[in-house]
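User: Good morning. Could you take me through this structure step by step?

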Amino acid sequence: MDIEKHLTITGTSDVSWKDAIVKTINEASKSIDYLTGVKILEQRAKIDGNKISEYLVDLDLCFLIDLNRKDDR
């Protein structure tokens, strides 16, 4: 039996929405094991003058729960 958990996180980039998504997944994978999928919930941007200054993305990350993990509490 697999149990999947979802986590909503926000990432940013000063380059593009795609860059924000890729960087956010890369950073999340450093501390979250068994990533299985991502859903882009929202994309937005900050504007400075007449130019986009920051790209923001809200992501729903999916990952599997390790049912064999030992609880060391």
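User: What is the radius of gyration of the protein, and what would a compact globule have?
Analyst: The protein has 15 Å, whereas a compact globule of 73 residues would have a value near 11 Å. The radius of gyration is taken over C-alpha atoms, and the globule rule is 2.2 Å times the number of residues to the power 0.38. Along the principal axes, the C-alpha atoms fill a box of roughly 55 × 20 × 20 Å.

User: Where does the model come from?
Analyst: The model is predicted, so local features need pLDDT of at least 70 and side-chain atom pairs count only at pLDDT 80 or more, while totals for chains, interfaces and linings use all residues. Residues are numbered from 1 along each chain as its sequence is written, and side-chain values use heavy atoms, with hydrogens and water left out.

User: How many helices and strands are there?
Analyst: The protein has one helix and three strands, in the order β-α-β-β from the N terminus on. Here helices (H or I, at least four residues) and strands (E, at least two) are DSSP runs, numbered from the N terminus.

User: How do β2 and β3 run?
Analyst: They run antiparallel, and 12 bridges join β2 (residues 35–48) to β3. Strands count as paired if DSSP finds at least two bridges between them. The two form a hairpin with two residues between them, and Gly49 in the turn has a positive phi of about 70°. Across the pair, Ile40 stands opposite Leu59 in β3.

User: Now the inside. Which residues make up the largest nonpolar core?
Analyst: It has nine residues: Ile9, Ala20, Ile21, Ala28, Ile32, Val57, Leu59, Leu61 and Phe63. The elements giving two or more residues to this core are α1 (17–29) and β3 (51–64), and β3 gives the most, with four. A nonpolar core is a set of buried Ala, Val, Leu, Ile, Met, Phe, Trp, Tyr and Cys residues joined through side-chain atoms within 4.5 Å. Buried means under 20% relative accessible area, exposed over 50%, and partly exposed in between (1.4 Å probe, protein chains only).

User: What is Val57 in contact with?
Analyst: Beyond its neighbours within four places in sequence, Val57 is in contact with several residues, including Ile9, Trp17, Ala20 and Gln43. Contact means heavy atoms within 4.5 Å.

User: Is Thr8 buried or exposed, and why?
Analyst: Thr8 counts as exposed because its relative accessibility is 54%. This residue lies in strand β1 (residues 4–13). Not counting residues up to four places away in sequence, Thr8 touches Leu41 and Leu59.
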